[in-house]
Amino acid sequence: MMKKSLFLAISLLCVVAGEAGARDRYHNRPPVIVSPDLTAPWLMQLGGQQARPVAYRPQMPTATRKQFDRRQAKRRAAPALVQPVATVRAQKPAKTKFDPQFLPQTVAYDGPEKPGTIVIDTNNRFLYLVTGKGEARRYGVGVGKPGFEWAGAHKITRKAEWPTWTPPQEMIAREAAKGHYLPARMEGGPGNPLGARAMYLGSTLYRIHGTNAPWTIGYGVSSGCIRMRNEDVVDLYERVNVGTKVIVI
């Protein structure tokens, strides 16, 4: 009787262990690989595609799948830590842009002019103040626009700080034809087109003067005058005197 009871207990234990093992194998079993040999005939009937092994993985338990879906939803709803930066490009250069090659600098100069002479190269938009010893102080300038170019040699006959601007009648008429009406006279100041300083050339209407539009330096934009940045024309003004020779080429 004792042996029979012991045998029944061992049998029951084996059955329970077998069911638990079956459940573990069901939940943790590896993917089932279907051989190409089995799938090939069916795929051939569907169009002759090359047969490949197909892996079937056990489905995730329903409770676990719901938790996973909730985690994914929270992750998608979370704000991004890094936001894309919008790149804004200017459609055209700003008016304040200035080419640094036109900044004042000391350069080599091998011309025949005496120290103290001003030489203006209108083609390359540079003004040279010859200092001697094979050097010159170079400034960027704006020059006459097409149709207003000129060349010649003159002397500085007058200097003025914050000069008054009196447009010539020819300029007033020319601008009026374009719909731009100029004043008969404008007192000196930051808004005056002649800028901070002016050096008048002989008996001509031309001047070396400053400008309130420094972005025009390096271009042919004037009616024949030589324009400089205000800080540059002040520097030149203090280095030259009335009677200085000016050569425009």
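1. Strands S5 (residues 126-132) and S6 run antiparallel and are joined by six bridges. Two strands count as paired here if DSSP finds at least two bridges between them. Strands (E, at least two residues) and helices (H or I, at least four) are DSSP runs, numbered from the N terminus. Within this pairing, Leu127 stands opposite Tyr139 in S6.

2. The model is predicted: local features need pLDDT of at least 70 and side-chain atom pairs count only at pLDDT 80 or more, while totals for chains, interfaces and linings use all residues. Residues are numbered from 1 along each chain as its sequence is written, and side-chain values use heavy atoms, with hydrogens and water left out.

3. What lies between S5 and S6? The two strands form a hairpin with two residues between them. Lys133, in the turn, has a positive phi of about 60°.

4. S6 also pairs with strand S3 (residues 105-108): the two run antiparallel, with four bridges. Here Val107 stands opposite Ala136 in S6.

5. Is S6 (residues 135-140) mostly covered or uncovered? It is mostly covered, as five of its six residues are buried. Buried means under 20% relative accessible area, exposed means over 50%, and partly exposed is in between (1.4 Å probe, protein chains only).

6. A search of the whole structure finds four aromatic pairs. In one of them, the ring centres of Phe102 and Phe126 are 5.4 Å apart and the planes are at 45°, so this pair is tilted. Rings of Phe, Tyr and Trp (its six-membered ring) pair if their centres lie within 6.5 Å; planes under 30 degrees apart count as stacked, over 60 as edge-to-face and the rest as tilted.

7. Tyr109 and Tyr128 form another tilted pair, 5.5 Å centre to centre with 35° between the planes. Tyr109 is in the loop between S3 and strand S4 (118-121), and Tyr128 is in S5, 19 residues apart. Tyr109 counts as buried at 17% relative accessibility, as does Tyr128 at 14%. Ring pairs link Phe102, Tyr109, Phe126 and Tyr128 into a cluster.

8. The charged end of Arg197 sits over the ring of Tyr237, 5.5 Å from its centre. The criterion is NZ of Lys or CZ of Arg within 6 Å of the ring centre and within 35 degrees of the ring normal. Arg229 lies over the face of Phe98, at 4.8 Å from the ring centre.
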